[in-house]
Amino acid sequence: MADDLDILRDLERKVLWLASWMIHHANHLRDNADGLKVGGHQASSASLAAIMTALYFDVLRPQDRVAVKPHAAPNFHAIQYLLGHQTRDKLEAFRGYHGAQSYPSRTKDTDDVDFSTGSVGLGVAQTLFSSLVQDYVRAHGWGRNRPEGRMIALMGDAEMDEGNIFEALLEGWKQGLRNCWWIIDYNRQSLDAVIREGLWERYEQLFKNFGWDVVILKYGSLQQAAFREPGGDKLKRWIDNCPNQLYSALVFAGGAAWRKRLNDEIGDQGPATALIARRSDAALAALMNNLGGHDMPSLRAAFKAATHDRPTCFICYTVKGYGLPMAGHKDNHAGLMTPAQMDAFRAAQGIRPGHEWDKFEGLATPPDEIAAFLERVPFARDGARRLKAARFDIPAALPVTIQPVTSTQAGFGAILNEIGRSDAAFAERIVTASPDVTVSTNLGPWVNRRKLFARQAQADTFKNERIPSTFTWEFSPRGQHIELGIAEMNLFIALSALGLSHAINGERLLPIGTLYDPFIARGLDALNYACYQDARFIVAGTPSGITLAGEGGAHQSIAQPLIGMAQDGLAAFEPAFVDELAAILAWSLAYIQKEGDGDDAPSEHNWLRDETGGAVYLRLSTRPIEQVQRPMTDELRQGIVDGGYWLRRPGPNAQVVVAYTGAIAPEAIAAVGLMAEDRRDVGLLAVTSADRLNAGWTAAQRMRERGLVHARAHVERLLDDVPPHCALVTVCDAHPATLGWLGAVAGHRTRALGVEHFGQTGSLAELYRHYGIDTAAIIAAAQAIAPGRPMRHLRAM
Ligand SMILES: Cc1ncc(C[n+]2csc(CCOP(=O)(O)OP(=O)(O)O)c2C)c(N)n1
Ligand SMILES: [Mg+2]
């Protein structure tokens, strides 16, 4: 009988082989008609083969969750294939249509990826926040029937260059991070380069500063044994002093080069020379390549020794391309083995031509023993690992008292305050988070009611000292607001982790984040990442646009509505009035819980994939505006969530229609009112979501092209009421392209007003005039494209 160590070594070889072969197959053996390289990272995968084998086949438990370094995806797919959770078809189609993904993907892969990766650094931070979310869930008394899992990142050493890693480390320290492992594949190579000397010492200090344990796996067991031989101390000293570049170069050059170099530098005609001479070239190379990260006994021992819940960083010395001909070469990142090299590698693995995909081909252990071992692997014990969670009912109308003159941001705070007072089940599941803008985004009243979250309760000192304050900042394990430092990347990764709690912890959360609208750009890649892995959350960007006026030019946002439209997986809204916001928020809280299949047919009502669900972006404003007094009918509510409705329906003789979005509503209303004195039937279209109007229109066109001739989008039905000769003036406090496309829906002449430049401070009137989105600008635009009688009002203004 083979023992577990033998079997793990066999599996390591198999993982290395399958990963290399998968990439080779995709690049050399598949029809690649495009003339583009397919790519794949044989060297980066090889670097992690032993570490991943030790983890997945021995150390991990079903409750553990892993973010795999993006360019080690082939290892992951190979491991799941060996465990029976990945098909050969998918491997053969690696990087192809519907094949195993280039980088592990929660949404596109079928082999149970825990966390997507791809943009380096983000998956790493996701594990940290997922661990905090696990603590949050358990502190609220949920999910206690499941064992606590470890959140584990397998990361490249160059991922440590990403700033978001440091932001996350600091936040983790503040929040008392536990149950998190970051395993650094310390191959001392990035894409372009060999990294600086001594970086591990910086890492070690850094992690220790943030309260982590650091475990360094530098020497493998062969090396440790050699160090105990006579002359071994010299060898160890030489290894410790060897620059990264030279070590890599010698790894690439192989046994004879090692012998020459070592003899030159530590040869003593005594014990060190003898130590070298006792080994063949192959044995010498094996010894020098035997770094901790490739040594199965060291890896198992190190991982199994970490039985505590302290966050732990493992710095594993590795060789990029370990076991492959490109090992150690500085150009190996995108390097691919040639067919001849692959052939030699196959033969060396004992794999017969035509048996490349066979799971047990060429292994020392008999197949039935390996199969029996794989059956016992703890990681795969519970089968599929993605959990399900119940949904929470959301009332169609969220109660709120609307002030006659107020802003959407104030309304947002008021609605949350009302939710905070309610004992509805869904209210318990809401968790808010904000990067140091809790008060200034109007979450204060909600936090007063629902408290700040911390694993340990902590009283509000100001309150204890009887110093009056509007806000009582009490920390409690039942608190429902996570106060983050000012790092927008962290906000989005936190939302990403909170928004996957249903799948990871089996407990659904309803996350709502707030930040200043311009700083969405600061966390944009993390937002994209969160959407890519289908995390469910609501994010409110407020204040926004140039409407924040005195707050200053540097805080003005222009492109965000276009981001909202273009970002897949994110439904974007920009209401003008608080009753609209209440309807949108109620819809959103249900929408983020929807779990239809991504290929579900869109609803015939609006051709949007509303049953699939997604995340939501609300662009809000601090501008107090007069609210429209009206009953919220079902029809109005539907129009609001579908993206638009007629505030004033155009008549048959309309020459002009104004379409507006957001806080600029008073200017649009005033312009229409003034124009109506001279023109008949002027219409006013309220657009609450350019994103959903646009997406519905695109989808309906596609449906028609596919033969569903009756498909009609909401915006098409709205514009049915606009006579063909009528002109459209669109206006929003954002880039004009946000609404400019409306003219293409039914072929209306259109002038799109908006903000293309920014940076000026001033009063609203000054700024709206300066950027050309005030009432006069709307009227002038209408006059220019739909000349009517001379406009007295325009001249008077
Ligand atoms: C945000 C981001 N920037 C750039 C890249 C391109 N890229 C992919 S891997 C890589 C280098 C990775 O080096 P390292 O993390 O050390 O991994 P190794 O390949 O050495 O294992 C780069 C720059 C990326 N994937 N994501
Ligand atoms: Mg590296």
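Let's start with Asn187: one of its polar side-chain atoms sits 3.0 Å from an oxygen atom of ligand 1. That pair is a polar contact, meaning two N or O atoms within 3.5 Å. On its own, ligand 1 has 590 Å² of accessible area, and the protein covers 76% of that (areas by the Shrake-Rupley method with a 1.4 Å probe).

This is a predicted model, where local features need pLDDT of at least 70 and side-chain atom pairs pLDDT 80 or more, while totals for chains, interfaces and linings use all residues. Residues are numbered from 1 along each chain, chains are lettered from A and ligands numbered from 1 in the order written, and side-chain values use heavy atoms, without hydrogens or water.

Stepping back, 18 residues surround ligand 1, and the closest are Ser44, Lys69, Asp157, Gln189 and Lys320. Here, being near takes a heavy atom within 4 Å. Sorted by class, that shell has three nonpolar, nine polar and six charged residues, with Gly counted as polar and Tyr as nonpolar.

Now for the second largest pocket, with about 450 Å³ of space. A pocket is an open set of points on a 1 Å grid over the protein atoms alone, where a 1.4 Å probe fits, with protein on both sides within 12 Å along at least five of seven lines; lining residues have an atom within 4 Å of a point. Its lining has 20 residues, and Glu12, Ala286, His294, Tyr322 and Gly323 are the closest to its centre.

Note on methods:
A polar contact is a pair of N or O atoms within 3.5 Å; within protein, one must be able to donate a hydrogen and the other to accept it, and residues adjacent in sequence count only if both atoms are side-chain atoms. Grid points are joined across faces, edges and corners, and a volume is the space filled by probe spheres set on the points.
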